[in-house]
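Colleague: I would like to learn how to read helix packing from a model. Please take me through an example.

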Amino acid sequence: MIGSSVWLERAPCARPRPIPDSAEGGPPVTSQHAPDTQQADPRRWWALAVIAIAQLMIVLDATIVNIALPSAQHDLGISNANRQWVITAYTLAFGGLLLLGGRIGDLFGRKRTFIIGLLGFAAASCLGGFAVSGGMLFAARALQGSFGALLAPSALSLLSITFRDVRERATAFGVFGALAGGGAAIGLITGGLLTEYLSWRWCLYVNGPIAAATALAAYYLLRRDHIDRSHRVRLDLPGAVLGCGGLLLIVYGTSEAVDRGWGDWLVLTSLCVGAALLAVFALVERRTPHALLPMHLIRDRNRAGSALSVGLAVIAMYGLFLFLTYYMQVVKGYSPIRAGVSFLPMTGAIILSSAGIGSRLMTRIPTRALIVPGLLIGAGGMAWLTQLRVDSPYLGLVLPAELLLGIGLGLVFMPAINLSTLGVAPEETGAASAIINSAQQVGGSIGTALLNTIAASVTATYLATRNPTDPLVQAQGAVHGYAVATAVAMGILLLAAVVAFVMITHRPAPGEARGRADRSEARAVA
């Protein structure tokens, strides 16, 4: 991991001052580095429940609206050309503002940012549920994404500073990784239930009471980490404009590629300008005293390797969700709720693999000994799905593939997410959390656009030489496109395995998470 000398250059010279008891709820701690010097919080496992609920809400909201989209489009009179903005408005704001949201948590306190993110997310969700026009729904989804960009890095940062003991950290990140991997499938199930038995509006309303109750619990259960004014640094505004602008353009370009194609001028311009802004962002951040993204965080090969591995895995996974959802509902004729429930085995396998297997082995074996086999097992599940046909049985083909994917990806997310913040100075955990969250968000956008484009192109080629008016031929063409795109997803998982094997060299050591942070704390104060 990054040595403590980098932190010493950034640490304040004065000794941190205690926060008065009259501040926010929770046991008093010092202003800047307190989480590492205090004894273990007796309420930390309740805090884990609060953080886990918030994380689950963020992840499942990316997919819960997918199943509700046809109903919302019909009720609000949204055109086919504009319906994508129900999804794109959320992903644009969320992906584009993650770096800024992570740094705001570092500067003004993760607990405060976490609660504000929850309350804002609840308000935006209710606004979307009350939408009377397409424009109102698009605006609400953009607000959801903006507050989600505050919430997601703060949740991971709070988890990192709450659990410093190696074994407890493994358990906590096992739960967190299970939700990160399985939340999207849970969103499909929940969306199917709410749409079929209530209304598409409840896919948004449901976030309101959950987020409000979670925010109230967070106020009383999460440890206070307020940073007083004397220890705050200036927000890196040039970095915020360049970094967030670059991410926003890349997410927008990949989202537009679904309908326009990768060769469209708008898509290419967005991707090129976005990449250029990120390149300038990297140059600026190297010379900025209080960088939005401290560059030493991504120069660490373990952290960079974990982010790349997760990003590539999410590319494959989100494309798979899209294909299987269409396969089950359009080709097989499943109802929304039945299609959602069909993802349950994958969700269960991710939870079992992450919390049951990965968390037990994480402190015993090298990290890549979990991530690389997990990616290979996931690639095996993708290989199984390349045999998909119109009449393929769920139990004989889809279910075994889902189980392989669930077990494999469960072994990937938990150790990778843990590695992304391991050994990071407390004042930089938000920025480190934003890296892994950005990898997931950008990966999801690219995966949906890239694999959907491949599937559509293959299907069009298939139908060009056959009778496209025959329903059976149409179904065969669609499934053929899904199978080819799944083979590409398999290749992406194999590439991720190579990246993880080459870049990730971390090996667990007794007391690593606590010992390194405590030694850095003592040296910084001295």
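**Reading helix packing**

Modeller: Helices H19 and H20 are oblique to each other, a class for angles that are neither under 35 degrees (roughly parallel), nor over 145 (roughly antiparallel), nor 65 to 115 (roughly perpendicular). This is a predicted model, in which local features need pLDDT of at least 70 and side-chain atom pairs count only at pLDDT 80 or more, while totals for chains, interfaces and linings use all residues. Residues are numbered from 1 along each chain as its sequence is written, and side-chain values use heavy atoms, with hydrogens and water left out.

Colleague: At roughly what angle do the axes of H19 and H20 cross?

Modeller: Axes are lines fitted to C-alpha atoms, for helices over the stretch in contact, and angles run from 0 to 180 degrees between N-to-C directions. Here H19 (residues 429–464) and H20 (residues 471–503) cross at roughly 140°, and their axes come within 8 Å. Helices are DSSP runs (H or I, at least four residues), as strands are (E, at least two), numbered from the N terminus.

Colleague: Is the crossing of H19 and H20 left-handed or right-handed?

Modeller: A crossing is left-handed if the near helix is turned anticlockwise from the far one by less than a right angle, and right-handed if clockwise. The crossing of H19 and H20 is right-handed. Their contact has 15 nonpolar, six polar and no charged residues, where Ala, Val, Leu, Ile, Met, Phe, Trp, Tyr, Cys and Pro count as nonpolar, Asp, Glu, Lys and Arg as charged, and the others, Gly among them, as polar.

Colleague: How are H5 and H19 oriented to each other?

Modeller: The axes of H5 (residues 98–108) and H19 cross at roughly 160° and come within 7 Å. H5 and H19 are therefore roughly antiparallel. This crossing is right-handed. By class, the contact of H5 with H19 has four nonpolar, six polar and two charged residues.

Colleague: Which residues of H5 and H19 meet?

Modeller: Contact means heavy atoms within 4.5 Å. From H5, Leu98, Leu99, Gly102, Arg103 and Asp106 meet residues of H19 including Thr429, Ala434 and Gln441.

Colleague: What does Val331 touch?

Modeller: Val331 lies in helix H14 (residues 301–331). Leaving out residues up to four places away in sequence, Val331 touches Tyr326, Val390, Ala475 and Val479. Val331 and Val390 are 59 residues apart in sequence, with a C-alpha to C-alpha distance of 6.8 Å.

Colleague: How many helices and strands are there in the protein?

Modeller: The protein has 21 helices and zero strands.
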